[in-house]
Structures are given as C-alpha cells and as structure tokens.
Amino acid sequence: IFGQQFLKITNFTLTINNNLQDKRFIGIGNKAIKEGIPAQRTYEIALTAMVTDDLLFTELLNQNENNDASQSIDLVFTKDSGESFTLAFDDYFMSANTWTVPDDKGPITVEATLMPRTLTNCTTVTHWVLQG
C-alpha cells in the first residue's frame with residue numbers, strides 16, 4: 001500500500017460482504033416466493049504487521065487524501081495444487097489503525113483496517129466449475 005512494501009504481515013483477514021437483501025414476491029398460487037436481491041458489495045481488510053519502513057506513519061500524519069493511481073492492493077492466494085485467485089483493489093482508505101511501541105524497543109507493530117472502494121480485477125485458476 002502507498003506504493004511501497006514496508007510491512008511484514010503477521011495476521012490477515014479479508015471480509016467480503018455481499019449485502020443481499022431478502023425480498024418476497026407474491027406469485028400466482030404461491031405466496032412463499034423469495035429472492036435475494038444484490039446490493040452493494042463491500043470489502044474489509046484487517047491486518048496486523050511488523051513495521052519495516054516508516055513511510056506508513058508519515059502517510060498517516062499527512063492530512064490530504066492521496067489519489068495516486070499507483071496505489072493498489074494486490075492479493076494473490078495460491079495452493080500447492082496450482083489453484084489460485086487474485087484480487088486487485090484500488091481507491092481504498094484506512095478506517096482504523098493502532099500503533100504498538102513496545103517498552104523493550106522491539107519491533108513496532110500496527111493493527112489496521114483498510115476499506116477498498118473498488119475491485120479492479122478478480123481472476124481465478126482452478127479445476128472447479130465457477131457459476132455466478
């Protein structure tokens with residue numbers, strides 16, 4: 001993020017909220033027809049990492065939003081079987097962050113929550129049939 005590699009990730013969570021809205025429709029002879037209507041899909045990335053570069057702290061002190069096109073988050077998940085999927089996000093913001101500075105002068109850790117606004121690419125390599 002911020003066009004730089006400056007963290008060693010120790011814990012990572014990706015949450016995808018499909019936000020389906022449950023709607024009921026009255027059909028001919030059947031009053032129990034129900035369908036999920038898609039709403040806006042949201043993403044949330046929560047991570048804990050050790051800081052290896054101070055650029056993150058400098059960017060958080062910056063009062064301006066940086067809309068540089070090179071700022072993207074690329075997530076690549078792979079399995080030993082050769083299956084993989086890639087998610088590329090642009091236009092994100094950091095909704096929360098906590099800096100832990102230990103008393104023993106050890107590595108600084110950060111807990112952050114990122115909220116991507118735009119999914120720009122999603123690709124999969126798998127032997128399964130994908131429907132949707």
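Residues 24 or more positions apart account for 63% of the contacts (heavy atoms within 4.5 Å) in the protein with a separation of 6 or more. The structure is a predicted model, in which local features need pLDDT of at least 70, side-chain atom pairs count only at pLDDT 80 or more, and totals for chains, interfaces and linings use all residues. Residues are numbered from 1 along each chain as its sequence is written, and side-chain values use heavy atoms, with hydrogens and water left out.

The protein holds one helix and seven strands. Helices (H or I, at least four residues) and strands (E, at least two) are DSSP runs, numbered from the N terminus. Along the sequence the pattern is β-β-β-β-α-β-β-β.

Five strands form an open sheet in the order 1-4-7-6-5, and their pairing is antiparallel. Two strands pair if DSSP finds at least two bridges between them. Strand 1 (7-17) and strand 5 (72-78) stand at the edges; each has a single partner strand, so one side of each is left without a neighbour in the sheet. From one strand to the next, the twist averages 35°. Angles run from 0 to 180 degrees between N-to-C directions, with axes as lines fitted to C-alpha atoms.

Within this sheet, strand 6 (residues 84-100) pairs with strand 7 (residues 109-125) in the antiparallel sense over 15 bridges. Met-94 stands opposite Leu-114 in strand 7.

Of the 132 residues in the protein, 17% are buried, meaning under 20% relative accessible area (1.4 Å probe, protein chains only). The protein exposes about 9,800 Å² (Shrake-Rupley method, 1.4 Å probe). Carbon and sulfur atoms supply 50% of that area.

Methods. Buried means under 20% relative accessible area, exposed over 50%, partly exposed in between (1.4 Å probe, protein chains only).
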